[in-house]
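I opened my notebook to look through this one contact by contact. Here is what I looked up, in the order I went.

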Amino acid sequence: MSFPLLTATAVLPALGAVATAAVPAARRTAAKWLALVASLATFVLAIAVLVRFDPDGARYQLTESHAWISAFGVRYELGVDGIGVALVALTALLIPFVILAGWHDADPLETGSRRWRPTQGFFALILAVEAMVIISFEATDVFLFYIFFEAMLIPLYFLIGGFGDRAHEHGEETAATQRSYAAVKFLLYNLAGGLIMLAAVIGLYVVAGNFSLAEIAQARANGSLHMATSTERWLFLGFFFAFAVKAPLWPLHTWLPNAMGEATAPVAVLITAVVDKVGTFAMLRFCLQLFPEASKWATPVILVLALISILYGALLAVGQRDIKRLVAYASISHFGFIIMGIFAMTSQGQSGATLYMVNHGISTAALLLVAGFLISRRGSRLIADYGGVQKVAPVLAGTFLIGGLATLSLPGLAPFVSEFLVLVGTFTRHPAIGIIATFGIVLAALYTLVLYQRTMTGPVKPQVSAMPDLRVRELVVVAPLIVLLIFLGVYPKPVADIVNPAVKQTMSDVHQTDPKPEVEAAK
Amino acid sequence: MSAAVVHSLWTTAADPISKIGAPKIEYGQLSPTLIVVGAAVVGVLIEAFIPRRSRYYAQVFVSVVALAAAFAAVVALAADGYGTTKAHIAAMGAIAVDGPSLFLQGTILLAGLVGLFTFAERRLDPAAHGNRVDSFAAQASAVPGSDAEKAAVKAGFTTTEVFPLLLFAVAGMLIFPSANDLLTLFVALEVFSLPLYLLCALARRKRLMSQEAAVKYFLLGAFASAFTLFGIALLYGYAGSVSYATIAQVVEGNVPNVDPALANTMGNDALLLVGAAMVVMGLLFKVGAIPFHMWTPDVYQGAPTPVTGFMAAATKVAAFGALLRLLYVVLPGMRWDWRPVMWGVAILTMLGGAIVAITQTDIKRLLAYSSIAHAGFILAGVIATSKDGVSSVLFYLAAYSFVTIGAFAVVTLVRDAGGEATHLSKWAGLGRRSPLVAAVFAVFLLAFAGIPLTSGFAGKFAVFKAAAEGGAVPLVVIGVISSAVAAFFYIRVIVLMFFSEPRPEGPTVAVPSPLTMTAIGVGVAVTVVLGVAPQYFLDLANQAGVFVR
């Protein structure tokens, strides 16, 4: 038996989490280094997965399959396609940056008993989330996926509720109240989504008799598993609801601004750049493969909801006074693009959506982490408290600008490629929706540039005047992300090559072919 | 006329009583119950003859040995095949020895053993006048606040009677799910209920509340028992027998031989419907299903916490076992009649328990409403009327009982000057003061909420799957919705423990003896093992899922 590489990518951070949590209270720094090493080692494993993966090979590769709970027909089945590989790599790439950026976020205040170890807890929870996210990208058994899709809520909940920005404009007590409100809202939304999905998972089992994605998809394709139209639609809705909460899609998005606003910047990156991708990923992998007919049936409504997400998120981002909430609404707008790309049912759209997941992860991480450094310096999240930062801290301002430009999809930076593909893919099948969605880009330019202008340009505010520029640790975090943004913006081929075959497969699952170009059709 | 002739005017000579055969009792197969009853009797003798200072040790020793031995007997019987191939009806038709019986008996015995550890805990309360004391009143007969009570406390009395009471209750619970005729069912019901009424009244602190709880429990329990008994009478009138097998036959329409005395009533469906409803009502009272749940919060709150934990776990196991047997063995022929009613009860119980729990401010009351909601989830499995339904309920009960005992054991640890600090506001910031205790309690809460990788999820999935396969899809949907509602209040406690600032005058966490630690440790271990690798136990429950008829 070959080495279980995929299991290792999930087990390693899990072990890292346990080890980090076990570090004695006084050895805080050791815990941080341990967590960083564990996340880097996971990244190395993810690279190994990337190398071993053959884009033109079998659909699911590096597969593992073991009996687990046979009473429920559940198997421990892992396997990755191109989309999964890309997202596993993205996750493993971002976590070391998250850990490094949050280096001092959980240093304990003086309260609490000797056994209270917030630092160890913070980094252990981040690694636990990483392990669960990675295994949900790799699971090819619906039940296995569901377990970790739900279980990851618990460490995230503690990350949001237990750790906030050091300084808060309304004092620590209000901050704690708002934090626990945000954490509870996050958990209840996602738990409700997950429980609705549980009903659908049980329903799927009753219909199909097992949970294996490959088996069910095959049985559906060759007709041996017949699903009544209404059954398929109900099950699809159950699954989609959970993913739409996670992604999040308008009108199920309201937990995200709270969670991102109250969490520290690294945790906010973890949520929006990594965890939310599980939602969009699962739409591609589970909704489209298991319920192709229902997916087509629901497409018009989902496209409209995605369109609303794009415009509504962008409009609200323009009106935000809080930097992190602004990025949250911008993310809602971007998730609208991703979902639109998935349900446009064209290969450009879906390739674009997958690329978008990767690029959005990197660009949001860059923007939000720099924003986090900014906020930790001034002790405020309000845009109005800043001004003229570029004179005081030019490197910080410059990296912030690049992150912002990536967010508005400037050509030459990575997100442009994916946004363009999504729009083209949507336009070929649904021209009207494609055209309206384009306005989202205009609004993106507005909120990003206004944010930059208000915080970085203008006269230097007195509280900002002594602001130090980026430190070495912070540069180590930001520089690689910016290099990646530029590299993938100029040369997206490596990622596209991995993703495209998997997208073609998914397209054939839903029995869709790209619409022929008009000229050719006219012939 | 001779006297004999006169006598013959109003009497007839019966056949001479030839021989009353001695009943055939399979002692070996009944050994689990017999061991526990025997030990309980020994416990009573210990109270009478052993000096006061050694009673505690003698009682704990006898009880632990008895429960362990009874569990070993259950395992031996199961290994011998009595759960599967050799399942049969023992003791002249009174007791069924089959898979569900043995599985539930094993669960009850283990729950009893773990519960016993929490009963025997003597390190939590500060020593009174140099004597280590437990959670039970110094002298139950002393009026609260009286001089007699003070004298009893000063003399260091403890109520070691709780151990034989616990054993009697366990003995009744062992018979309850395996009773195979209605009279045995009723006797078992009373055998385990009466000790529980007493135990509820024995709290060392807040004695008035404890006695109030016991009176409420007793009165309502007596009503429920009366209903059950009346129902049994009606069913006898309907079937001419109290035996499960005979009643089932009559329900299905083959009346073997009509008793002339009952010729007018036998086969009368009105008697069947009313009688069955009344018996089921008595059982639903014991499991705490809405609308028969009114006693639950008050009794859970007032009873000494170790008793609450034991009662919440073991009573539910025993009562659901009896309910399953009644519905699956006696009344399958009228499932089209009882299923809609049980649907209604299950929906009410799930939603009602979850919604009312939201407003609770006392941790014990909160857990009481949570137990009501769980009764609703289990009912969803009962309604499935399939083999999967049986095994999923068995699994759920095993998973649930250890979480419950563990959770209540944690409640006993959080104390302030007035004893246990059960008001939720006092739990604020517990995670900062005692991260380990708070984390353990969080694990139990997550298991109650049914989060994946805990036993609660595996159990919930099993019953919902069985219900969905049995066609009760709307029930499953309502089940997941009430799970979402229930999650809210479990999460609220976690928020309170971890994200709220500790109060300056907050409670302290007592360091327990290894006894309570074992109870909590077993709870955590079972929660995790049944959550991550439930296969073995699901198989066990699956093998045990067939009733003998």
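I began with the neighbours of B:Val36: leaving out residues up to four places away in sequence, it touches B:Ala66, B:Leu67, B:Ala70, B:Leu167, B:Val170, B:Ala171 and B:Leu174. For contact I used C-beta atoms, placed from the backbone, within 7 Å.

I kept in mind that this is a predicted model, where local features need pLDDT of at least 70, side-chain atom pairs count only at pLDDT 80 or more, and totals for chains, interfaces and linings use all residues. Residues are numbered from 1 along each chain as its sequence is written, while chains are lettered from A and ligands numbered from 1 in the order in which they are written.

Next I checked the largest nonpolar core, which has 423 residues. B:Val36 is among those with the most contacts inside it, together with A:Ile126 and A:Leu369. Such a core joins buried Ala, Val, Leu, Ile, Met, Phe, Trp, Tyr and Cys residues through C-beta atoms within 7 Å; buried means 20 or more other C-beta atoms within 10 Å of a residue's own.

Then I turned to the interface: 33 residues of chain A are in contact with 30 residues of chain B. On the chain A side, α5 (142-151), α6 (153-162) and α7 (171-208) each give two or more residues, and α7(A) gives the most, with 17 residues. Helices here are DSSP runs of H or I, at least four residues, numbered from the N terminus.

Last, I looked at α10 of chain B (residues 269-287): B:Gly288 follows this helix and has a positive phi, near 75°.

Key. Buried ≥ 20, exposed ≤ 12 C-beta atoms within 10 Å, placed from the backbone. Contact = placed C-beta atoms within 7 Å.
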